[in-house]
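Dear colleague,

My notes on it follow directly after.

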Amino acid sequence: MPPSSRSLLWLGLVLGAVCASREPAAPGNATDPLNVLLIIVDDLRPSLGCYGNKLIRSPNIDQLASRSLLFQNAFAQQAVCAPSRVSFLTGRRPDTTRLYDFNSYWRVHAGNFSTIPQYFKENGYVTMSVGKVFHPGISSNHSDDSPYSWSVPPYHPSSEKYENTKTCRGPDGELHANLLCPVDVLDVPEGTLPDMQSTEQAIQLLGKMKTLASPFFLAVGYHKPHIPFRYPKEFQKLYPLENVSLAPDPQVPAGLPLVAYNPWMDLRQREDVQALNLSVPYGPIPADFQRKIRQSYFACVSYLDTQVGRLLSALDDLQLASSTIVALTSDHGWALGEHGEWAKYSNFDVTTRVPLMFYVPGRTAPLPVEGEKFFPYLDPFDSVSEAPEPGMEMQNGPSFLLRDVKLDYLVKVVVLDRPCRCKERLELWPRVTVNFNRKGRNLLKLFEGRGEEEEPHVRGNPRELVAYSQYPRPADSPQWNSDKPSLEDIKVMGYSIRTVDYRYTVWVGFNPQEFLANFSDIHAGELYFVASDPLQDHNVYNDSLGGTLPQSFMP
């Protein structure tokens, strides 16, 4: 089935839409709201069984997908942590939040925008944050956007502080700050790992909320598979090196513009990568070490899957599976050697495409039978069959969020379902001309097994099938800060659109003082036709223009 394009700006609207009906998941008051469990994973690309990867053991996430609406083509707005998280948690693109790096707080820097959890908090929900939800630091005001977004202070695991320290035992028996870091959990500081602590805390919070009358919105942010690949060493056994292949396109494409390449400088700072004495910026990494990187990434995914499994199993134990929406997504993907890159920091599908799924009790799957284990914990070390079929798959559908519509206000209107709110928001934001209530209710069709067949405008309007991403660069050629330039250093912005048929990126001059792109100042371009070039290795941009633009491609 040909890919469509989705945007993570869907996230808040879908959460709002499925809560809007106020239908109970179990017998009770017809106005009872559903709880929300939002799981955000760091650097997770769709390398999962439910997305067709037969190597990866992810039985618990696959089980969730089998009971969920699964989006096949969800894309992040910028493939780096802080801008992406602020984007989908506020429903605004980076050009609106004016966050392209890690060094500003949108409420002060760009606008006092509402967030998804803030909205739920303001409307009777107890909102809680565990782990990495917002990116920590300046970009969330050193407070994870508290107290605006959260009812209680956000929780961060105490063992987080050891993630980048010398806790990886190398072949020499000494401790190092390595990229590859399989560990004996009993030997690490505090005898635990951050994601384990986050799962424990989240389960405790679920237990407390079970005793309260208020609905809850619990966001749980997991660190892995973010680097360093620090994970329980037993998960390495799931992926013997002889079973781990290299990326299908491990070379830097000959037609890739210099500005489009990222030199993955954060990997080069790790002690085990430094020992390889790689040339900068193009590497390449030796093939045996490439396999070890991919092995550790996959092991981290399976480790993450066990944490998700324990969290979902707790919903069963606490009898919350029938009254709680579960959403799972990632902030962006991660290149595992594709195009000769080992990071995010680009506009390719491999770094912008993310998993996205929604379990809605009674809509995406039948309601659990009393006493039934709806999300039983599945051990990835057990013999596993193929991943179960997703409950509902979303290939195409209405995507009006990809236009100039402010998501958080849509969420407010849709969830409250109060006509007076529409009037208030339209007066405050006259540019928003969409009939909010109508659009929000239409989205509910996705959870009733109805979709684009009842939205004929989708197929007829190409703007409905476009996802937008962007990435900043400090220069036209790779340099030390090409991956993560600070705002004042941004000179070029790569704007990218993904349609069913192609990915098109244009790199243009950018003024960081005025936050303005100059589309008459074109530095380079990329055009990939995904039917014939699904890995996006053959740039035909200059060919399509008759070769009239200056050649800025690699020799």
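In these notes, a residue is called buried under 20% relative accessible area, exposed over 50%, and partly exposed in between, with a 1.4 Å probe and protein chains only. This is a predicted model, in which local features need pLDDT of at least 70 and side-chain atom pairs count only at pLDDT 80 or more, while totals for chains, interfaces and linings use all residues. Residues are numbered from 1 along each chain as its sequence is written, and side-chain values use heavy atoms, with hydrogens and water left out.

Overall picture

The protein has 555 residues, of which 62% count as buried. It holds 16 helices and 16 strands; these are DSSP runs numbered from the N terminus, helices being H or I with at least four residues and strands E with at least two. Contact here means heavy atoms within 4.5 Å. Among contacts between residues at least 6 apart in sequence, 73% join residues at least 24 apart.

R57 lies in the loop between strand 2 (35-41) and helix 2. Its relative accessibility is 27%, so R57 counts as partly exposed. The side chain of R57 reaches the backbone oxygen of P380 at 2.9 Å, a polar contact being a pair of N or O atoms within 3.5 Å where, within protein, one must be able to donate a hydrogen and the other to accept it, and where residues adjacent in sequence count only if both atoms are side-chain atoms. The C-alpha atoms of R57 and Y239 are separated by 9.2 Å, although these residues are 182 apart along the chain.

Helix 2 (residues 59-66) is largely enclosed by the rest of the structure, because eight of its eight residues are buried. They are P59, N60, I61, D62, Q63, L64, A65 and S66. Among the elements that cover them are strand 3 (69-75), helix 10 (287-317), strand 10 (324-330) and strand 11 (353-359).

How does helix 2 pack against helix 10? Their axes are 7 Å apart and the angle is about 50 degrees, which means that helix 2 is oblique to helix 10. On the side of helix 2 the contact is made by P59, N60, I61 and L64, and on the side of helix 10 by L304, D305, T306, V308, G309 and L312. By class, this contact has six nonpolar, three polar and one charged residues. Axes are lines fitted to C-alpha atoms, for helices over the stretch in contact, and angles run from 0 to 180 degrees between N-to-C directions. Angles under 35 degrees count as roughly parallel, over 145 as roughly antiparallel, 65 to 115 as roughly perpendicular and the rest as oblique. Ala, Val, Leu, Ile, Met, Phe, Trp, Tyr, Cys and Pro count as nonpolar, Asp, Glu, Lys and Arg as charged, and the others, Gly among them, as polar.

Helix 3 (residues 81-90) is also mostly covered, with 10 of its 10 residues buried. After helix 3 comes G91, whose phi is positive, near 80 degrees.

Helix 7 against helix 10

Helix 10 also meets helix 7 (residues 194-210): the two axes come within 10 Å and cross at roughly 10 degrees. Helix 7 is therefore roughly parallel to helix 10. D195, M196, T199, A202, I203 and L206 of helix 7 face Y303, Q307, R310, L311, A314 and L315 of helix 10 in this contact. By class, it has eight nonpolar, two polar and two charged residues.

Cysteines

How many disulfides are there, taking a disulfide as a pair of cysteine sulfur atoms within 2.5 Å? The count comes to one. C168 and C181 form it, with their sulfur atoms 2.1 Å apart. The link is left-handed, with -100 degrees about the S-S bond. It joins distant parts of the chain, 13 residues apart: C168 is in strand 5 (residues 168-169) and C181 in strand 7 (residues 180-183). C168 counts as buried at 2% relative accessibility, as does C181 at 0%. C300 is in no disulfide, and the nearest cysteine sulfur, that of C181, is 9.3 Å away. C300 is likewise buried, at 0% relative accessibility.

N539

N539 sits in the loop between strand 16 (516-529) and helix 16 (541-544). At 13% relative accessibility, N539 counts as buried. Its side chain reaches the backbone oxygen of G525 at 3.1 Å and the backbone nitrogen of L527 at 2.9 Å.

Yours sincerely

Methods: Disulfide = S-S within 2.5 Å.
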